[in-house]
Amino acid sequence: MSIACCLPVVECVYCLACARWTWQRCLHSGGYDSETWGVASAAEFEPVPHLCRLILSVYEDDLENPQWAPPGGYGMEPRWVVHRRTYEHTHGHAPTYLLYVDHRHSDVVLAVRGMNMAKESDYAVLLDNKLGQRRFDGGYVHNGLLKAAEWVFDAECDVLRDLLEKNPGYTLTFAGHSLGSGVVAMLALVAVHNRERLGGIERKRIRCFAMAPARCMSLNLAVRYADVINAVILQDDFLPRTDIPLEDIFKSLFCLPCLLCGRCLIDTCIPESVMLRDPRRLYAPGRLYHIVERKPFSCGRIPPVVRTAVPVDGRFEHIVLSCNAISSDHAIIWIEREAQRALDLLLENEKTMEAPEVQRMGNDVTISRDHDKEQQAALRRAVALGVADVPSTYGTFDENPTSEADEASPLLSDSGRRKAVWDEWIARIFEKDETGQMVPRR
């Protein structure tokens, strides 16, 4: 065509697409992704800095004599550590993790470290996935991360059940960073589906905090499990925004310019609504907490602000061209530091604006109701966009689970179909309490 017209038509279209992509990326700032979100409260964000320190402690060989402790230490008692599993124990099936009983916060914590660049087994976990390879509860998940989570769950479920029985009322928390964030997100899904193996623990007592999360689950799962999974993202972090499959990035290191050029054409020619309707597309999991500490074209950092939401469209879709995107904004040390600063500011602001006790409802009840309403709104939005799938029966460990719900089309054809799916979702996930409020089903 270019030769017939004596004009480089294809080359011109290609250059225009690249120019448009570059222009959008240069003007896009990490703070734009969450500018319409609400500000998080101190009560809901309080566990984050502490859990970051617990994740950091996994890197230590001897907690009695730590070498890499942050200012103020890890905030943990070494005698409360149940055990630490290294690569020698996991045999490459999962990253190093630590099991800790936090009696100060009435919590049983399983913390997983991030990716070890020197371990081939971590690369094997990361690269064990193809688009649409693994289904789970009516959605799609990262195959390698789910297999790692299943291995950890099988290895630790008896220990976790005993700890929860010895400490009634304690919550069960999974925390991880980077590669570990994907493992703990999958671990939360597995735990919710197999609560009988944990002594029948209620769903509301299971929590997950994924720091610098990987895109590991489809959109309908990310929204439906927002009451269990929380993802913490620092400013411009690249990993939650990397919609290119990570295995393709590693496989294309010798042809990275070709990969980026293809990304330019995709972003230019394919609308976001079309990409959003692909049920196999993976996203950052659960409820998102975005720590914003820099403004466009500003020098230095600003007091960090924590914004939170359960977004459906516009869910960290654009990579930010920033020198911090793959360094400090992804590092667990910086996430812990900025999360602590943000929490201190939240506590200070709430203290100065605190109302009399008799005029305030309990913070936990208020936050829970706000989160439930926000999750319901996100579910309605997902159904309206046609990206929702009918969830399958709970509790499956099959390699390739199938059911009638899995065979159903993820696209909804009419309003009656959408209403039926929405009603089924609500019945499965929520129930009414004594006051008539909708709360997550136990």
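In this predicted model, L345 touches P303 and P304, leaving aside residues up to four places away in sequence. L345 itself is found in helix α12. With a relative accessibility of 28%, L345 counts as partly exposed, because that class lies between the 20% limit for buried and the 50% limit for exposed. A further reference point is V306: its C-alpha atom and that of L345 are separated by 9.9 Å, and the two residues are 39 apart along the chain.

Helix α12 also packs against another helix, α3, which covers residues 47-57. Two packed helices are described by the angle between their axes and the distance between the axes. For α3 and α12 the angle is about 160° and the axes are 8 Å apart. The two helices are therefore roughly antiparallel to each other, since angles over 145 degrees fall in that class. Their crossing is left-handed. On the α3 side, the residues that meet α12 are V48, P49, C52, R53, I55 and L56. Their counterparts in α12 are I332, I333, I335, E336, A339, Q340 and L343.

Two other residues, R337 and W334, form a charge-over-ring arrangement. R337 lies over the face of W334, at 4.6 Å from the ring centre.

Ring-to-ring pairs are a separate matter. How many aromatic pairs does a search of the whole structure find? The search gives three. One of them joins W37 and F316, with 5.7 Å centre to centre and 80° between the planes. This pair counts as edge-to-face, because the angle between its planes is over 60 degrees. The pair links distant parts of the chain, 279 residues apart. W37 sits in the loop between α1 (9-27) and β1 (38-39), while F316 sits in the loop between β13 (305-309) and α12 (332-352).

Another of the pairs is formed by F45 and Y289, at 6.1 Å centre to centre and 45° between the planes.

How values were computed
Residues numbered from 1 in each chain as written. Predicted model: local features only at pLDDT ≥ 70, side-chain atom pairs only at ≥ 80, totals over all residues. Heavy atoms only, no water. Phe/Tyr/Trp six-rings, centres within 6.5 Å; stacked < 30°, edge-to-face > 60°. Helix = DSSP H or I, 4+ residues; strand = E, 2+ residues; numbered from the N terminus. Lys NZ or Arg CZ within 6 Å of the ring centre and 35° of its normal. Axes fitted to C-alpha atoms, helices over the stretch in contact; angles between N-to-C directions. Parallel < 35°, antiparallel > 145°, perpendicular 65-115°, else oblique. Left-handed = near helix turned anticlockwise from the far one by under 90°. Contact = heavy atoms within 4.5 Å. Buried < 20%, exposed > 50% of the residue type's maximum accessible area, 1.4 Å probe, protein only.
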